[in-house]
Amino acid sequence: MSETHTLTTYDAILDAITTNNGSDGSAEIHNPATGELVGTYQVHDENDLNDAVAAARAAQPDWEAQGDHARCELLNKFADAIEAAAEPLARLLSQEQGKPLNGPNARFEVGACAAWLRATASFESPDYTAVDDDITATVHYRALGVVGAIGPWNWPMMITIWQIAPALRMGNTVVVKPSGYTPLSVSALVAIANTVLPKDVLHIVTGSGGVGAALTTHPGIDKIMFTGSTETGKKIIEASAGNITRLTLELGGNDAAVVLDDVDPQAIAEDLFWGAFINTGQTCAAAKRIYVPDAIYDEVAEALVAIAKKMPMGNGLDENNVLGPLQNKAQFDIVDGLVKAAKDGGARVLVGGDPDYDAPGYFYPVTIVADIDPDNPLVAEEQFGPAVPLIRYSELDQAIAWANSLDVGLGASVWSADAGKAREVAARLQAGTVWINKHGAVDPRVPFGGIKSSGYGVEFGTEGLKGLAYPQAINT
């Protein structure tokens, strides 16, 4: 690699993003697996936000004027810089978020950041020309201005890239506000980006929810991209109304997986397990309720339990582990409460459900619950953790009705040996994405977004690029 990258070691990255001044303007981040201090970060306020937005606005015209080709080259250089620092980034992410280095976790997430940047740079420009006998119309997608990117704590680096890559590609400048639970890994990502990008094209503000709220009402922000809860999404919609700020919202999900009676339970078990338990269940588009027919119910349950029992959970820096803790105490309490509600409702816990409350870290064991009422809170509410209910059904129409009954629609999946039948069922499910014989496998080339209370607007692919620009038609 011909580029010389300056932030390639763990210590250099941590020094670039942390502060140890102990003042009121800093806060600590602790490892959710051990409670140990990972680092401290500077807490910004609204004055810092105002400065960041002003600098980004001043830099935006020159950034847009560089042209699409030059911006794509810089996105690829950003990807190079991430790859040069991949291992220390994964180590930092593991310690801050809790996810293990191995499996579909920290190293996977860092690699996905570079891959998504390269994919975003590779897409054809959405610009086009329409010609007939009466008119020639050239449609050019112009930058909106400054984009505010508000990210979550579950996939903090990858989802930040999902937001900033298309925004930068289309000529916008960006102000990032990471979750207060995972500011270090996102700060590291921005610091590495800023070794490649022109000055003031990308800013980050860290701090309380108050800074995020101020970002959503800021008159200097032209678009908000937000990934998080439906409750917070509704607040952003209200807050943005005064400035008519454009929005892309990827909100909560409670994805249904519908298993058909023609599958081999052993053949689908591992893929179905990871569809539900990727990132220890802390994924918006994970399978959170699994509908299984009577004919193979016990076999599917047994196969999933067998897989669950052999998946090691523990400290993410241990190379053997593939499951980690819940990222924070609040989420641990949500999962624990929903499993208790399932028990109280008479459901059977096949594995897990018995956390060690005295042990360090927010570890909740992999939990699979059987024979649960379709309206039980563990089914009806998004658990966002390693606890999955198996709902028994007799008629496929009933399973589809249950799958569609909730006011969410991010993703869903169908599991069948018959591709044609699977597609027929998929077409009946109310979700922005329906996978067949897999779940949660997002692709940078394929538009991704939810319906109902799971949000609006799409990310990824050319459609995602269009969402970060406005079409200017020039008619002659």
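Okay, one definition before I start: when I say contact, I mean heavy atoms within 4.5 Å. And keep in mind that what we're looking at is a predicted model.

Let's begin with helix α11, residues 297–309. What covers its buried residues? The buried residues themselves are Y297, V300, A301, A303, L304, V305, I307 and A308. As for its length, α11 has 13 residues and spans 18 Å from first C-alpha to last, close to the 18 Å expected at 1.5 Å a residue.

Next, E250. UniProt lists E250 under "active site", and that comes from an unreviewed entry. In the model, E250 sits in strand β9, residues 246–250. Is E250 buried or exposed? Its relative accessibility is 4%, and the cut-off for buried is under 20%, so E250 counts as buried. Who does E250 touch, once we skip the neighbours within four places in sequence? The contacts are F226, T227, G228, C284, L410, F448, S454 and E459.

Now for the empty space. Rolling a probe the size of a water molecule over the atoms shows where empty space is left. This structure has 3 cavities of 30 Å³ or more.

The largest cavity comes in at about 80 Å³. It is lined by 14 residues, and R289, A403, G411, A412 and Q430 lie nearest its centre. Elements giving two or more residues to that lining are β10 (255–259), α14 (396–404), β15 (408–409) and β16 (411–415). By class, you get 7 nonpolar, 5 polar and 2 charged residues there.

The second largest cavity is about 50 Å³. Its lining is W116, T120, F123, I161, W162, P166, F460, G461 and L465. Here the elements with two or more lining residues are α5 (106–122), α6 (156–169) and α16 (461–466). Which of them gives the most? That's α6, with 3 residues. And how does this lining divide by class? It has 7 nonpolar and 2 polar residues, with no charged ones.

Terms used:
Residues numbered from 1 in each chain as written. Predicted model: local features only at pLDDT ≥ 70, side-chain atom pairs only at ≥ 80, totals over all residues. Heavy atoms only, no water. UniProt positions renumbered as here; feature names shortened; annotations may be inferred. Helix = DSSP H or I, 4+ residues; strand = E, 2+ residues; numbered from the N terminus. Buried < 20%, exposed > 50% of the residue type's maximum accessible area, 1.4 Å probe, protein only. Expected span 1.5 Å × (residues − 1). 1 Å grid on protein atoms, 1.4 Å probe; cavity = no way out; pocket = protein on both sides within 12 Å on 5 of 7 lines; lining within 4 Å. Points joined across faces, edges and corners; volume = space filled by probe spheres on them. Nonpolar A, V, L, I, M, F, W, Y, C, P; charged D, E, K, R; others polar.
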